[in-house]
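Work through the exercises below with the sequence and the model at hand. Each task is followed by a stepwise solution.

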Amino acid sequence: MNNYQIITDTACDIHPAILKEWDVKCAELTFHFVGDDREYTNSEMPISEFYQYMRDGRVAKTAAVGMEAYQKCFETVLQDGLDILYIGFATALSNSCQTAKLIAKDLMEQYPERKIVCIDSRCASAGQGMLVRLAVERRDAGADLEDVAEYTRRTLPSLCHWFTVDNLVYLKRGGRVSAASALAGTLLQIKPVLHVDDEGRLIPVKKIRGRKQSIAAMMERFMQSALDPEGFYYISHGDCIDDAKLLEDMIFQRTGRRADLITDVGPVIGAHSGPGTLALFFLGSER
């Protein structure tokens, strides 16, 4: 029996029911809409409603996991006599993982017989979810905490994130593209293809005219760099399931393999990428 608990956060975009199947606990990031004081977690608003609000022009803001939330989440596990492996949202995109490390340091002084290992996933959305799944598989094969932590760190440079967005305004708000580029891209129907680099930062790679062409470019990137094109991959989407299925169909036609998971881009991530975000995750030769 394993004597440690794997914990992640809601930036992983894995449904709570699946995390429960994996025996993974989850710390909650939150979001709110400008002009509304209420803070929501990902599960407290239907995903279609969230994206409709964004299409209607409402602006969503997000907040990292708070110190008290980490304290409660971690300490409950420690009190059960278990160590912790925490795999958190990319530090380049959120300070959640840094907060987790501070709390972990304090708690290990209070529980000197326990161990907490915090790993910056350098991932986002279902890329983070995929990393958690790989850690779970290793754990379930009988590996101890140190082995799973080392395996997770070794896997990071191979975990590829490729995505496109339908509207550049959301990337403009986050400072990922300039106002001029966003305006020109909107007028010319430019659909950028971006990836997450080795540090977890969002990097524009290509400017492609037309949605279908940007989706095809993601599929070609998968074919070029996947370690095993017939191996598993995840897709996440911001309320655009038809595009997610189109991407899956394109890959299936080339490899005969369906996605192992198609999941929603949750509000915490979607607040920054917007409705129409489409992302592909797989193990590749380089990020």
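Predicted model: local features only at pLDDT ≥ 70, side-chain atom pairs only at ≥ 80, totals over all residues.

Residues are numbered from 1 along each chain as its sequence is written, and side-chain values use heavy atoms, with hydrogens and water left out.

**Exercise 1.** Find how many helices and strands the chain has, and compare its radius of gyration with the globule rule.

Solution. 
- Step 1: The chain has 11 helices and 12 strands; these are DSSP runs (helices H or I, at least four residues; strands E, at least two), numbered from the N terminus.
- Step 2: The radius of gyration is 19 Å, close to the 19 Å that the globule rule gives for 287 residues, so the chain is as compact as a globular protein of that length. The radius is taken over C-alpha atoms, and the rule is 2.2 Å times the number of residues to the power 0.38.
- Step 3: Of the 287 residues, 53% count as buried (under 20% relative accessible area; exposed is over 50%, partly exposed in between; 1.4 Å probe, protein chains only).

**Exercise 2.** Locate the salt bridge between E146 and K115 and state what it ties together.

Solution. 
- Step 1: A salt bridge is a side-chain nitrogen of Lys or Arg within 4 Å of a carboxyl oxygen of Asp or Glu. The whole structure holds 14 of them.
- Step 2: Between E146 and K115 the N to O distance is 2.3 Å.
- Step 3: E146 belongs to helix 6 (residues 145-155) and K115 to the loop between helix 4 (96-110) and strand 6 (116-120), so the pair ties together parts 31 residues apart in sequence.
- Step 4: E146 is partly exposed at 40% relative accessible area, and K115 is partly exposed at 32%.

**Exercise 3.** Which residues are linked with R133 and E137 in a network of salt bridges?

Solution. 
- Step 1: E137 and R133 meet in a salt bridge of 2.9 Å, N to O.
- Step 2: Both lie in helix 5 (residues 125-140), 4 residues apart, or about one helical turn.
- Step 3: R133 is buried at 19% relative accessibility, whereas E137 is partly exposed at 38%.
- Step 4: The network links R133 and E137 with R257 and D260.

**Exercise 4.** Is E248, the salt-bridge partner of R258, buried or exposed?

Solution. 
- Step 1: The closest N and O atoms of R258 and E248 are 3.7 Å apart.
- Step 2: E248 is buried, with 11% relative accessible area; R258 is partly exposed, with 36%.
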